[in-house]
Amino acid sequence: MTVIGGGFIGVEVAMNLREAGLEVALVEALPHILRTFDHDMAQLLQKEMLDHGVKVVVGDAVSAFEGSNVTLASGATIAGDAVVMAVGVRPDTALASAAGLATNERGAIIVDAGYGTSDPDIFAVGDAIEVHNALTHAPMMLQLAGPAQKQACQVADRICGLPVRNTGNIGSSCIQVFGLNAASTGLTATQCEAAGLAYDYAYVLPADRVSLMPGSTALHLKVIFGVPTGRVLGAQAISAGDAPKRVDVIATLIKFGGTVDDLRDLELCYAPPFSTAKDLVNYAGLVAENLLQGAYRQVHVDEVRGLSALLGCFVPCHGCIDNAIHSASGLQLRDACADIMRAQGHEEPAGRAKITPGFNLPARNVIHTVGPIVTGSAPTVRDRRDLASCYRSCLELAAEQRLSSVSFCCISTGEFRFPQREAAHIAVATVRAFLDAHPAEAPGRVVFNVFKDEDMAIYRELLDSPDSGALASEQVERNR
């Protein structure tokens, strides 16, 4: 079976067909399924479908049908016995148009705050109408049962002469995807960008109840807030537990114009079988408040791959040189590295060099390089070449910046597992070769900074013995 469309209906149909024992492919033209969730959150749901045997195809539209076989825009084909079209429908407003009622470009009936149409004797509610978005203050279409029923009640009140107050809609919804429960409310980050809103978001992953209690599970919670107001604009939650409960809480806060401070201070029910003393939504408020105040800067999950190679160590209290440098320099150094990587747009390759100010360090600059990671029992030819390139690139950058001195750490010899003696041979040989080739431009002083007595002995031996450096230089040349 092939299901076309990755919205709520498409996902639910695919899931039910799969639970009935059928082979199922789900095709969505957009980059991910369920657009009420942002791309990062939707990955959890897509993986859940993949784990349960549903073939998920995203970012690829249908271009042709041949019987029940489907051809995609990419040229790929999906063979099947039947096709289910779940690409969404537009409400049938032909009657409204025939009656001369005003509609928008998508055919939705335009109504006033009391759901009156352009004809004073006709009211309209539900999927067929255009509603007011309480967050963007722009019109939108909202195909949800809850708002439709409330609209019907308000129309009945208005017909009976009772006052009606329309506060607009934010759009709250939930879905079960196999073993995961997912819910969302308000605006996604994608919608904030489309609306031109300044925003940020807090992403937290705590347990949904005290961890020693049966059924405790991690809950992914993303809370989107305005900058600099701190007004909560949206939330998304996914877990095997009660994700909709948390989103309902935040939806209530959004309807009343609440901020991340209000989220932090919400007083919610607590007992170990149900939650934690500080509920998940409180945690999200605390993190959002820190972000809003600039107490720290977070790297979003979709940025990690492009940033981690130059941002230093993220292991708390880890005794590496990265932690020592970043701890002493302050947050400005990591921010500067993040800015470089965002502008670059891709992961930093091994063997290159970048430069930033030294900020709070007793140095004018910090030169950053990514060393090779030794994955086997010994360094490869490429590992040796990349390590030599690290030293050479740093010296070239130092010469370009007219730096008078450079101090090297032992690149790649710690967590990256490059053998200490071999790494030292390459370091000394590369530095000597550069100084000999560029006597006028090279820094006047080069220091090898070591942590261990063993490294001290190795470098003393190499620096006191020109022959060993020459042998290492020949090795580096052969490895190029």
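Colleague: Where does Gln151 sit?

Modeller: Gln151 is in helix H4, residues 145–159. Helices here are DSSP runs of H or I with at least four residues, strands are E runs of at least two, and both are numbered from the N terminus. Bear in mind that this is a predicted model, where local features need pLDDT of at least 70, side-chain atom pairs count only at pLDDT 80 or more, and totals for chains, interfaces and linings use all residues. Residues are numbered from 1 along each chain as its sequence is written, and side-chain values use heavy atoms, with hydrogens and water left out.

Colleague: Is Gln151 buried or exposed?

Modeller: Buried, with a relative accessible area of 4%. Buried means under 20% relative accessible area, exposed means over 50%, and partly exposed is in between (1.4 Å probe, protein chains only).

Colleague: And what does Gln151 touch?

Modeller: Leaving out residues up to four places away in sequence, Gln151 touches Tyr115, Val125, Gly126, Ile129, Val131 and Asn169. Contact means heavy atoms within 4.5 Å.

Colleague: Switching to strands: what order do the 4 strands of the open sheet come in?

Modeller: They go E3-E2-E1-E7, with parallel pairing. Two strands pair if DSSP finds at least two bridges between them. At the edges are E3 (55–58) and E7 (83–85), each pairing on one side only. On average, neighbouring strands of this sheet are turned by 15° against each other, direction ignored.

Colleague: How many bridges join E1 to E7?

Modeller: There are 3, with E1 covering residues 2–4. Thr2, for instance, stands opposite Val83 in E7. Helix H1 (residues 8–19) packs on the sheet too, touching E1, E2 (25–28) and E7, and its direction makes about 170° with that of E1. Axes are lines fitted to C-alpha atoms, for helices over the stretch in contact, and angles run from 0 to 180 degrees between N-to-C directions.

Colleague: What about helix pairs, say H12 and H13: how do their axes cross?

Modeller: The axes of H12 (residues 381–400) and H13 come within 9 Å and cross at roughly 35°. The contact includes Leu387, Tyr391 and Leu395 of H12, along with Ile426, Val431 and Phe434 of H13. Its residues divide into 10 nonpolar, 1 polar and 4 charged. Ala, Val, Leu, Ile, Met, Phe, Trp, Tyr, Cys and Pro count as nonpolar, Asp, Glu, Lys and Arg as charged, and the others, Gly among them, as polar.

Colleague: OK, cysteines. How many disulfides does the count come to?

Modeller: The count is 0, a disulfide being a pair of cysteine sulfur atoms within 2.5 Å. For Cys174, the nearest cysteine sulfur, that of Cys153, is 20 Å away.

Colleague: What's the phi of Phe178?

Modeller: Near 50°, a positive value. Phe178 lies in the loop between E11 (172–177) and E12 (180–186), and is buried at 9% relative accessible area. Ser412 also has a positive phi, near 70°, and sits in the loop between E18 (405–408) and H13 (420–437).
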